[in-house]
Amino acid sequence: MGPLPRKNKVNRKIKECLSAVYGDTWTGLHDGSLKMRMERARKIINKKRKPHWDESDVVLITYADQFHSEKEKPLPTFNQFWTRWFSSVFSHVHLLPFYPWSSDDGFSVIDYYQVSPEAGEWNDIRELNRSCCLMFDFVCNHMSAKSDWFERYLRQAPGYENFFIEMDPETDLHAVTRPRALPLLTPFTMQDKSVRYLWTTFSEDQVDLNYSNPDVLLAMIDVLLTYLEHGADYVRLDAVGYMWKTPGTTCIHLEKTHQLIKLFRALADEVAPGTVIITETNVPHKDNVSYLGNGHDEAHMVYQFSLPPLVLHSLHRQDCRVLCQWAQSLSLPSTETTWFNFLASHDGIGLNPLRGLLAEDDILTLVTDLQKEGALVNWKNNPDGTRSPYELNVTWMDALGHQDDSDEERLAKFILTHVLLLTFPGVPAIYIQSILGSRNDYEGVEKHGYNRAINRKKYEQKSIEQELMTEGSLRHEIYQALSRLIVIRRGNKAFHPESMFDIRCLTPSVLRIIRSADEHEKINALFNFSDRQQIIDAGIYTGVDLISGVSVSGETLTLQPWQVMWIKK
C-alpha cells in the first residue's frame, strides 16, 4: 500500500490532535460543526499563498493606526505611506491587532471579526494585500472583558457558561508561571450577583479563554479560518504558550497547548496551503524552540527571542562571544521550519530568553546599564515570591548606546545590528519605529501610563514624511541606509533562510558570518562590535563589499569602529 494522500494525512492529524486534547468530550456534533466550517473556508479561499520562504521575504511590523491625517482614517493613510516609502523595500506587513480593542494597544480584543472602525475597514486590508503579503495576529489565549462573549458569560447566557476559566481563589497556584507582577485571578460579579474568580494571565481586562470546553475551540477555529479567508499569509499565535491550564503545574508549555498548535497548523494546511504559523513565546530558548515540534507538524517559525538581548549584551560589552556561541548551537528540525528574526517590536526587549544563556548577574548588569541611559523596566513575580526583570522598554535606537553618543555613532551601531539581523538565517522582521529612527517617547509613557508606550508613538503623516525627507537628519539617514540594506539582502540568494550558515569570533569583538547558497553565491559578513579599529587577516576576504561598494583584497583588512561589511566573491 502506497503513502496516504496528503488530504487524508491532514485529516488524520486533525483527528489525532482532537483525540489527544478532548478524548470522548469531542462529540459527533462537534465533528460535524468543524467539517462544515472547514468546507465553507475551502469555498471562500481562492488566494494562492507562496509555497515557501526565500531571501526576498522581509517583514515590516506596524500598527494599523501608525499614521493619521486630516482627510483619511489611519488604515488608508497607512496604505498611502506604504506605497510611497515601503512597498519597494518589504515583502510582508505584520499588522498588529487591528480589531476593536479595549486595552494593551490592541491585544485585548473586543471583536475578532471586525476592523476597528476608528482605523478603517476590511476593504483597506484588501487594498494593502494587493501589494504585499499579510501577517495577522491570532490573539488566542485571552480576550477583552468588554467583549460580547464575556458580556454574555456575565449575563449567564446559555452556551457561554463555560467559556472562561473559573477558579476557587483558595486553589494553590503558586507554581503557575507569571509574566506580570499582577494578580492571576480577578473577581467578576455575575448577573445573579454571585462573584466568580476568573483566570487573567496578563491583566484584569484580558480574560483567558477556557479551551477545555470544545465549544471554545470551535469558536476560535472559526476566528482563525476567518483570518485565512481575509488573506492572512502568516498567522502569529499571540501568547500561545499559556493556552492550556492545569492547576498544580506551571500552566505554560503544556502538552495540550502543543496539540492545539498542531491542530491549528493542520487546519491551515488543509484549507489554505502555504499559510505560515508563527508562535510567539517570549521564554528561554530551549522552551521556545520546542514549538517547532518534529519539524513537520507544529509551528513553521518561532520568534528568535534570544537574539535582541544577546545583540545588546554584545554591543554594550564590546564582546560577541556569547552571541556567537549561542548562534553556533542553533539548529532546525527540518526545512519546513525557520526562524522569525527581529531586534525591536511593539513589546519590550524580553529578558527571559537570556536565562540559561547568561548568568543572572550579567542580565542585571545589562538592565542597570540601560536604565542609566534612559530605558525603563517591567518586572515579573517568581514562584518563590521574588521579582525579576522581565523586559526592557526602550526604542532600539536608544538601547544601543549612550545618551551623549553622536548621531554618527548612533547610525553606525544601528546599521551594525541590522546588518546582523539581515544576515542571520531565517526571515527578518523590522519594527516600524526602527526604520523611522524613533527615540524614546517619554511623553507617551506619561500620557498612557505604561512603559511599553515608550516605543509605540503614532505619527501625523505629513510631519513624519517631512522629517524623513530632511537630508542630514537621523531619521533620513536611518531610513535611507536600512532601506538600501534590505534591498541588497533581498537580491542575494546567499541570504536564503536555508543557505549555509557558519559563524565564529575572529577576536572577542569581531564576528564573522558566512552565508552561501553555492560556490558562486557566497557572502562573508564581518562585524566590529567595538569602538576601536580591528585589523584581521584578509587572506580569504576578497571581493566587493556590498555595503560600501569598495573592492577588498590584500593581506590584512582594517575594520573601523562599529563597521560591518558584506563581502561578496
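# Reading burial, cavities and backbone in a predicted model

User: Which residues of helix H9 are buried, and what covers them?

Analyst: A covered helix is best read together with the elements around it. H9 (residues 307–317) is mostly covered, with 9 of its 11 residues buried, namely Leu307, Pro308, Pro309, Leu310, Val311, Leu312, His313, Ser314 and Leu315. What covers these buried residues includes helix H10 (321–328), strand E12 (338–342), E13, H11, helix H12 (396–399) and helix H13 (407–423). Just after H9, Gln318 takes a positive phi of about 55 degrees.

User: Which other residues have a positive phi although they are not glycine, and are they buried or exposed?

Analyst: Two can be set side by side. Lys193 has a positive phi of about 80 degrees although it is not a glycine, and it lies in the loop between strand E6 (185–189) and strand E7 (195–199); at 68% relative accessibility, Lys193 counts as exposed. Trp562, also not a glycine, has a positive phi of about 65 degrees and lies in the loop between strand E24 (556–559) and strand E25 (564–568); at 6% relative accessibility, Trp562 counts as buried.

User: How many cavities are there, and what lines the largest cavity?

Analyst: Rolling a probe the size of a water molecule over the atoms shows where empty space is left. On a 1 Å grid over the protein atoms alone, a cavity is a set of points where a 1.4 Å probe fits but cannot get out, a pocket is an open set with protein on both sides within 12 Å along at least five of seven lines, and lining residues have an atom within 4 Å of a point. Points are joined across faces, edges and corners, and a volume is the space filled by probe spheres set on them.

By this rule there are 4 cavities of 30 Å³ or more. The largest cavity holds about 250 Å³ of space and is lined by 23 residues, of which Phe202, Asp238, Ala239, Glu280 and Tyr390 lie nearest its centre. The lining of the largest cavity has 10 nonpolar, 7 polar and 6 charged residues, where Ala, Val, Leu, Ile, Met, Phe, Trp, Tyr, Cys and Pro count as nonpolar, Asp, Glu, Lys and Arg as charged, and the others, Gly among them, as polar.

The second largest cavity holds about 50 Å³, and its lining consists of Arg236, Glu280, Asn282, Tyr303, Phe305, Phe342, Ser345, His346, Asp347 and Gly348, which divide into 3 nonpolar, 4 polar and 3 charged.

User: What lines the second largest pocket?

Analyst: The second largest pocket, with about 450 Å³ of space, is lined by 19 residues, of which Asp104, Arg180, Leu182, Phe202 and Tyr450 lie nearest its centre. Strand E14 (376–381) and strand E15 (387–393) are the elements that give two or more residues to this lining, and E15 supplies the largest share, 3 residues. By class, the lining of this pocket divides into 7 nonpolar, 6 polar and 6 charged residues.

User: Where is the place of Asn352, and what does Asn352 touch?

Analyst: Asn352 sits in the loop between strand E13 (349–350) and helix H11 (360–372), and at 12% relative accessibility it counts as buried. Contact means heavy atoms within 4.5 Å; leaving out residues up to four places away in sequence, Asn352 touches Asn282, Val283, Pro284, Lys380 and Tyr390.

How values were computed:
Residues numbered from 1 in each chain as written. Predicted model: local features only at pLDDT ≥ 70, side-chain atom pairs only at ≥ 80, totals over all residues. Heavy atoms only, no water. Helix = DSSP H or I, 4+ residues; strand = E, 2+ residues; numbered from the N terminus. Buried < 20%, exposed > 50% of the residue type's maximum accessible area, 1.4 Å probe, protein only.
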